[in-house]
Structures are given as structure tokens and as C-alpha cells.
Amino acid sequence: MRPALTALLALAAAPALAQDKPVLTVLTYDSFTAEWGPGPSVETAFEATCGCDLQFVTAGDGAALLARLQLDGEATEADVVLGLDANLLAAARVTGLFASHGAAEGLDLPVDWTDDTFVPFDWGWFSVVGKAGGPMPQSFRELADSDASLVIEDPRSSTPGLGLVLWVEAAYGEEAPAIWEALRDNIVTVTPGWTEAYNLFLEGEADLVLSYTTSPAYHLIAEQDAGFVALPFEEGHYLQVEVAGKVASSDVSELADEFLDFMLTEGFQSAIPTGNWMYPAVTPEAGLPEGFESVRPETTLYLAPEEAEALRGPAIDRWRTALSQ
Amino acid sequence: MTRAGSSGLPRLPGALAALLVAGLCLGTLVPLLLRAGEGTLGGADWASLRFTLEQAALSAGVSVVLAIPVARALARRRFPGRGALVTLLGAPFLLPVIVAVMGLLALFGRGGLLNDALGALGWPRVSVYGLHGVVLAHVFLNLPLATRLLLQGWLDIPAERFRLAATLNAPVWAVLERPMLRAVLPGAFAVIFALCLTSFSVALILGGGPAATTMELAIYQAIRFEADFAGAAQLALLQYALCGAAAALAFALSRGPVLGAGLGRAVERWDAGGLGARLGDAAWIGAAALFLLVPLTLAVLRGLGGLDDLPGEVWDAMGRSLGVALGATALTLLLALALALKGGALAQAAGALPLAASALVLGTGLLLLLRPFVGPSAAALPVTALADALLALPFALRAVTPALAEVEARHGRLAESLGITGLARLRIVVLPLLRPVLGFSAGLAAALSMGNLGVIALFAGQGQGTLPLLMAQLMGAYRMDAAAGVGLVILGLALGLFWGFDRGGRLDAASR
């Protein structure tokens, strides 16, 4: 027994014995580091120039990243957190765990960006996604009145989940709780993150899933499958801007700044459209892939970070209360 | 209560152990109370309290009601394999919950056998997520326990009474069985109710959002989703009160050991010879056996298929799981032995305290306590082992206490007269004779820890998980084959550790 155990423990300790290069630890969400995600090519591109070892650490979906960072506090290993979004900016700032990087310039964003702590790396519109031939409601009301089943993400742990809650708030205001009550029987389940929800949808557990207008492009380009549809909603679509920030307690602060600068260069941005399947924050030389232009919604809904923060807590409470009855 | 410890055995460690256990179980209240003032419970939190009570009551009710015909059939029938079946009814205690859920998904899940059959018949598919899924899993896990408790009730009715009833042609149901059930059912219900209150893994996987969230899951979400320590502290206090009350109730209402032995014999009966009664009993026993065996078999089969898909992380996770399980086992044994040596009502009470604690309440308290000094990631494995040890302690203590009393009764006076006291007595007399029961307790603690998912989910960062956490993550990502493979590894290790320790204890004793 003992030699086997020693061997196991040695195995467990092996990754710690890395090379002497400085290690940059980037805390991010699950799908960023997936085989098909942008993580692998970003890592290769950055390591080619930084003389460092870039390590991704995942902690569920975007909103859970912030909780993880707060949980670990100053003891965190993370040097950069990648995958919060504009709706969480104000909450992330008040933790005092992030350090300023300087305002980013030359961005191709549909909204003005002046924040000097967090750097946007991509953006996109949330959308309900379904399959061709399946239910095609054109609004939340129509969806609630139909039999269509939907899988959504938890707004406390997932940035798409939070985006959906703010989307309904922005579109319906005081009627939002009524919309959620009407949607209750359509919602099959609530997952902690986007990855789980999208997998359930692909497995056929639900007709519809909360994802992005660009999700069908993934199936079209990567799988040559034209059978997926982002449903255009009459209310308009909520805009997400994904950001990264430098952790104040990082012991490789300069390397973290270097990574945040690298994030807006070709090496990173070219991996975004067909890796993260989002609109890049700086359009790469190759332009946008097929299926990205045609899905731009007519109406964009967006709350500035301070507005989003003021609404976030009450909106999540209303959502939980409506769905828990 | 008899005093197991006599003057000849060391009692100081027991006092320290009692202090440690009480300090951990009650001391965790302090950080919770300190933090709870800042938060307020909202409508959704009360909904999770309501759901917790509702699912626990339904799970306990259904388990107990279904157990009545099954236990009665087992009590009055003899058939080949009866002994094996009764032994099997004890196994779910060691069965990792998450592996059981995997088996249930293979039978009742969307791609499971049931839905395939319904689909082939052109009928609508059923979903296993939500309240009914949670209750289904709890009935699967607790029907065996309910059956054993009721079977004990039947076997406790003296055979003479059945004979007397037969002679007088009196209705057995009215004069013997109904009064027995009236005495036994409340206890069985209360024990299972208390167990279901602390359900975490089942709700994590089969719960369906805010409408199907248990208190344990709500605590986990408050911390891992929102870093809302005040909210988590309030929920934990509420859960603490709930579990304490339920455990006290179960303690007051239940009789006899939960792990009851001596269920081997069948009662000779004169009232159930009719063909209808025989067929009915056979049907109940068959249905119960299928309900328990089919999901388990499916979990194992799917796991065998999934061994090819085992992710690379599995070896690291196995190392951590083994470390945690062995650490928890060592601590459980030390605490149980120290408390048993000390003896007395206070030591016994300290040993029963963890029954009122839940993994997530302990975890939250320890997290709040440790956070100012050490990061949760660094504390994850030691804290998990500590919590697992505490949760296994009541069962170990229950096994060790009577065995120690017997050793002392038989050999205490001789040892006394020879002047063998203190540590020497422990080494020469007590430990060798206690080996079998220590082996059994170690096996129990190791198997429980190996399959446990709770505290680790609260603390662990990426690449720090144990096997059950890895399995839950794979299931979340819908990598079911890989998850089933990990499940089989967990099952093998849990049963292997139990078997190894139990056997090791007995082999050693036999050679002396």
C-alpha cells in the first residue's frame, strides 16, 4: 500500500515542479479554455513573446470568478481575472482586489469605454438560441405563452445568466417579475454556467437556451451545420462586454500588464471570433467571419456599469423569488 | 449508560477529544453568529427552507410506507438469497451518493432506459429534475435503511406471540403488527427525515434551479456564487437549528442501532400461507430488489464503458481522495477510541454532536474562521478530512463503545490485579481485542469520506478536487461516460477501503 500511495502523492506534486520561468496565472471561465475555445491559441501566442509560463485556472462561469476571487482574497494565485463583464464592474471594483491598468484605446466597441481598471476583450449580444424547425418565439412574452422549453444560467454565477435578468429588467421594468413568473413553466432547469446550459441544450434536454446571437455561426463554421437559429426578439437584445483585470496582489504585476496589453493585439483578438465566438474588441486583420454581420439586432439594450450594479441585487432577488415559488 | 472507562485506562485524551469535537461542532456557531447579523433572508431563502422540509418529509414518508410491505415480506419468507439481500440492504450506507445518482440517471434520466422505453411506445418522456427527482433519489438511498429498521421491528416480536396468535386464531395485523409499526414507524421516519435535511449532492445534480434548492445547496451557492458570507451564515444558522431539532427528535424516537445486526432469521408464521400472500410478498421483494439493483448495475456497466474516457485529472484527484479518506479515518479512530475510553454521558454526548451538524454548516463555519489566516484553497483538503472525520465519528463511537465495555468486563479485573494500567493496558489488552471493531469503524469512516461531496465543493479551487467533486463537474459538463468511469473508481475505492480495513482488523485478531 505505502509505495503505491507515495507514487500517487509524487504524481500529485509533479505539476508544482515547473520550469524556472515566471508563471502568469489567469483565472477564467470554463469555456475559454475548452479545446475549441480561444485559450490554447492565446497561450501559444503569448508564451512566444513573454518568456513566461501562462497558466489558465478555471472557476465555473464569469460571475463565479468574482466570488472565487473574493473567497480567496489576497491569498489568490490569480494574477489576471479574465471573463467578468460590464455588469459586474462596479461590484468588482469595490472589492479593492483589482489594480488599475490604464484606459484602453483603439477599441471597436458599440459603446463608449472609459474605465481604466478593466480592459474589454470581446463583446456580443445575448440571444435565445434554438434549432431550425423548433419553436421560434419572437419575444419573452411569446416564449412564456408557448410550450417551448428553455434552459438558462444562474445570474449569481454566470454572466449570461446575469445578462438575461438585466435584459428582462431593461425591457420590462416593473413588469419583469410577471415575465419571470410566466416563464417559470418553460424553464427546464437553471445551470451554474453557460457550458452546462449549452450542453443540456445540445443533448436535447430543452428546445431553447440562453446564449449569444453568434452561437449559430459556431455550428455553421466549425461543424458545417446550418440547423441553429438565434431568435430575434422584439424587445431588442442585451449587450455584453467581457473584460479582464489585473489582480492587485499579483507578484508578477508587470507580466499581468503585459498580458492585458497583449489582449488587444492581433495574437489574442484573432482567436476571439472563431474561438470564443464573440465580436472582438479590436477587429482583427481578417475581419469578421460569416454569420456575424447578419445577426446584429435592430435594438441594443445596455446598462452602464453603475446602473447595472444598482439594479443587479434587486433584479436577482426578484428573479429568485419568482422562480422559487 | 454504562461507564466504559475504568480507572485503569487513560482518560485524559478522551476529555481532550470531547473538547475538540464540541469545540468544532459548537464553536463553528461563533463565526456564524458574528457574520449573520449583516444579512437578511429573502423570499427565495425561505423557499429553500420550505423545499428542504417538503422533500425530506416526502422522502421519509415514501421510504417508510414502501418499506412496510417489503419488510413484512422479508420477515416472514425464507428463500435462497435472502441473507444476501438483507446484507445488500446495508450497503447503501457505504454507497457514494453521487454514484447512486449516476445510476438513477441511467435508469430514469433523459437518455435512460425508462425514457427510451417510453419513447419507443410513443409516450412523452419524463424529466428527473426537480422535486420528484430529489425524492426519488432519497427513496432509493433510504428505502433499504427503512426496510432494515422495520424488519428489526418485526423480528423483535417474540416468536411465541405469533404462535399464540395462531393458536387463538387472532388477527396478527391488529394485535401484533399494527402496534409494532406504531412504535417503530415514527423513529424510522424521523431518522430518514433528519438524513434528508442535509442532502447536498442529490440537490446539486437533480435540483432544478431556485424552486428545488435545499438549505445545504443554498449555503453553497451563497458562498461559491456570490461570496455572500453574511447570507451563508444566516442560512447555516437556520440549517443548524433545523438539523439539531431533527437529530434530537430522531434520537428520542428511534430505538436500536441504525446499523442493526442479527436480521438473519425469518419468523415462522401461520397466517400468511395463502397463494395471494405468497405472490404479494414475492412481488414486493422482487420490486424492491430491482429498484435497488438495476440503477447500481447500470452505474457499474456505464462506469466500465467510461474507464476509457477517464480524464487525466483522475489520478491527482484519486491521490487527494485517498489522502483525505485516510486522514479522516485516522482522526475518526483516534477520537472514537479516546471518547470511548473516557466513557460517561458527556463523552457520549460529544460523540453524538456531529449528528446535528451538516457538512456545509461545518464547512461554512470553518471557512469564516480560517479565512483571515489561510486561503480556502490551501485549507481545502485538511478541512475536508476534518469534517469527514467528525461526520463519521458518531457511527464509529457507536461501534467502539459496547466493544470496549465488553473487553473491560471480561479482562478489566484481571488486568487490574496484575497492575496493568494506563497506556500499557491499552497496548497489551484493549487494542488487540478491539482490532475487529476498530477495523470495521475505520472501513466505515474511509468509505464515507471517499464518497463524500460537501465541504470540498465549498473550498476547492480548480485542480484541487477530490474524486466526487471531479465526478460532479464532469456530470455538469454532460461528460456522462467519463463521469461514470470516475464513479466506478470511487465505488471501487470506497468498497475496497471498507473491505480492506474490516478484513484487516479481523485477520489480525484471528492470528492472536
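Before the first entry I wrote down the angle classes: under 35 degrees is roughly parallel, over 145 roughly antiparallel, 65 to 115 roughly perpendicular, and the rest oblique. I also keep in mind that this is a predicted model.

**Entry: a helix pair in chain B**

I looked up how helix H3 (residues 43-76) of chain B packs with helix H7 (residues 131-156) of chain B, and found an angle of about 40 degrees. Their axes are 6 Å apart. H3(B) and H7(B) are therefore oblique to each other. I then checked the hand of the crossing of H3(B) and H7(B), and noted it as right-handed. Sorting the residues of this contact by class gave me 20 nonpolar, six polar and one charged.

**Entry: the domains of chain B**

Next I turned to the domain assignment of chain B, which lists domain 1 as 1-38 + 310-512 and domain 2 as 42-307. I found 24 Å between the centres of these two domains, taken over C-alpha atoms. At the contact, 41 residues of domain 1 of chain B meet 37 residues of domain 2 of chain B.

Which helices of chain B supply at least two residues each on the domain 1 side? I noted several, among them H2 (29-36), H16 (359-370), H18 (422-451) and H21 (480-510). H21(B) gives the most to that side, with 12 residues. By class, I have 30 nonpolar, seven polar and four charged residues for the side of domain 1 of chain B that touches domain 2.

**Entry: chain A as a whole**

I went on to chain A, which has 12 helices and 12 strands. Its radius of gyration is 20 Å, close to the 20 Å that the globule rule gives for 325 residues, so chain A is as compact as a globular protein of that length. Along the principal axes, the C-alpha atoms of chain A fill a box of roughly 60 × 55 × 40 Å.

**Entry: the domains of chain A**

For chain A, the domain assignment gives me domain 1 as 19-123 + 241-280 and domain 2 as 124-239 + 296-324. I noted that their C-alpha centres lie 25 Å apart. Here 24 residues of domain 1 of chain A are in contact with 28 residues of domain 2 of chain A. On the domain 1 side, helix H3 (62-72), helix H4 (89-94) and strand E5 (118-131) of chain A each supply at least two residues.

Note on methods:
Residues numbered from 1 in each chain as written. Chains lettered and ligands numbered in written order. Predicted model: local features only at pLDDT ≥ 70, side-chain atom pairs only at ≥ 80, totals over all residues. Axes fitted to C-alpha atoms, helices over the stretch in contact; angles between N-to-C directions. Helix = DSSP H or I, 4+ residues; strand = E, 2+ residues; numbered from the N terminus. Left-handed = near helix turned anticlockwise from the far one by under 90°. Nonpolar A, V, L, I, M, F, W, Y, C, P; charged D, E, K, R; others polar. Domains from an automatic or database assignment. Contact = placed C-beta atoms within 7 Å. Rg over C-alpha atoms; globule rule 2.2 N^0.38 Å.
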